[in-house]
Amino acid sequence: MARTPVLSTRVLLVCAAIGVATGIIGGIAGLLTPVVLIAAPWAYGLLLGSHVLPGIIAQEVLRRPLVALVTHLIAALVASAFNPAWALRFLGTALLFGAIQEGVAALTRYRAWGPWRFFISAAVIGVIVAVVVFFAAHLATLPLWAQIAYLALSLLGPIGWTAVGLGVGTALSRAGVARR
């Protein structure tokens with residue numbers, strides 16, 4: 001007898017729908033990035049935090065292995081249509097964020113789906129974003145208040161976007177998207 005695949009057609013279609021919707025958000029965030037980096041570089045972490053949405057929503061709705069990674073990759077491809085020059089950045093962010101979200105879920109053997117688990121992955125992503133972008137974008141040249149604001153928003157951005165993603169995922173589940 002044939003075994004049911006981990007990612008059935010239904011699961012892949014839900015991942016695709018979530019990926020397209022959140023990819024549009026990611027594409028808009030990508031378009032806003034140069035403006036934010038010029039006008040308010042200390043707020044960049046809040047904007048970058050929006051890229052947690054694909055995996056959070058997919059995991060909240062489907063609660064299966066690999067859905068975060070697949071949805072992130074689809075979202076990255078959609079976001080790349082907004083700014084093709086940043087396609088590799090979108091894909092790299094998707095792989096990093098998706099791998100972190102999958103990794104935290106794998107640590108609980110995909111059995112714990114409480115909000116705390118999602119916020120742990122958001123905090124890990126926030127720390128990584130805060131440190132990497134701080135050095136890559138030379139934010140040490142900013143005034144001390146801007147450095148503190150940047151670090152706080154980089155940590156809180158993914159956490160805030162995770163709360164939004166959990167709300168969307170819960171609403172989609174109530175609407176019957178996850179029915180089997």
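Trainee: Helices here are DSSP runs of H or I with at least four residues, numbered from the N terminus. With that settled, which helix gives the most to the nonpolar patch?

Mentor: That's α1, with five residues. Keep in mind that this is a predicted model.

Trainee: Noted. Which residues form the patch on the surface?

Mentor: Val-20, Ile-24, Ile-28, Leu-31, Leu-32 and Phe-82. Together they have about 470 Å² of accessible area.

Trainee: Let me pick one. Where is Leu-32 found, and is Leu-32 buried, partly exposed or exposed?

Mentor: Leu-32 is in helix α1. Its relative accessible area is 41%, so it counts as partly exposed.

Trainee: On to pockets. What volume does the largest one have?

Mentor: About 410 Å³. There are 19 residues in the lining of that pocket, and Tyr-44, Leu-48, Arg-89, Thr-93 and Val-133 lie nearest its centre.

Trainee: Which helices supply at least two residues each to that lining?

Mentor: For the largest pocket, they include α1 (9-39), α2 (44-48), α5 (87-107) and α6 (115-136). The largest share comes from α5, with six residues.

Trainee: And by class, what does the lining of the largest pocket have?

Mentor: It has 13 nonpolar residues, five polar and one charged.

Trainee: What about cavities? How many of 30 Å³ or more does the count come to?

Mentor: One. The space in the largest cavity is about 110 Å³. It is lined by 13 residues, and the closest to its centre are His-51, Pro-54, His-72, Ala-75 and Ala-76.

Trainee: Which helix gives the largest share of that cavity lining?

Mentor: α4, with four residues. At least two residues of the lining of the largest cavity come from each of α1, α4 (67-82) and α5.

Trainee: New topic: how many salt bridges does the count come to?

Mentor: One salt bridge. The side chains of Glu-60 and Arg-63 meet there, at 3.2 Å from N to O.

Trainee: Is Glu-60 buried or exposed?

Mentor: Glu-60 has a relative accessible area of 10%, so it is buried. The cut-off for buried is under 20%. Arg-63, at 37%, is partly exposed.

Trainee: Now the backbone. What stands out about phi at Arg-109?

Mentor: Arg-109 has a positive phi of about 55°, and it isn't a glycine. Most residues other than glycine have a negative phi. Tyr-110 also has a positive phi, near 55°, and isn't a glycine either.

Trainee: Where does Arg-109 lie, and where does Tyr-110 lie?

Mentor: Arg-109 is in the loop between α5 and α6, and Tyr-110 is in the loop between α5 and α6 too.

Trainee: Is Arg-109 buried or exposed, and what does Tyr-110 count as?

Mentor: Arg-109 is exposed, because its relative accessible area is 61% and the cut-off for exposed is over 50%. Tyr-110 has 22% relative accessibility, so it counts as partly exposed.

Trainee: Last one: how many residues apart in sequence are Ala-163 and Phe-119?

Mentor: They're 44 residues apart in sequence and 8.1 Å apart in space, C-alpha to C-alpha. Ala-163 lies in helix α7, residues 144-174, and Ala-163 is partly exposed at 40% relative accessible area.

Definitions and conventions:
Residues numbered from 1 in each chain as written. Predicted model: local features only at pLDDT ≥ 70, side-chain atom pairs only at ≥ 80, totals over all residues. Heavy atoms only, no water. 1 Å grid on protein atoms, 1.4 Å probe; cavity = no way out; pocket = protein on both sides within 12 Å on 5 of 7 lines; lining within 4 Å. Points joined across faces, edges and corners; volume = space filled by probe spheres on them. Nonpolar A, V, L, I, M, F, W, Y, C, P; charged D, E, K, R; others polar. Patch = residues over 30% accessible without salt bridge, like charges linked within 9 Å, V, L, I, M, F, W, Y side chains within 5 Å. Areas by Shrake-Rupley, 256 points an atom, 1.4 Å probe, with all protein chains shown as cover. Salt bridge = Lys/Arg side-chain N within 4 Å of Asp/Glu carboxyl O. Buried < 20%, exposed > 50% of the residue type's maximum accessible area, 1.4 Å probe, protein only.
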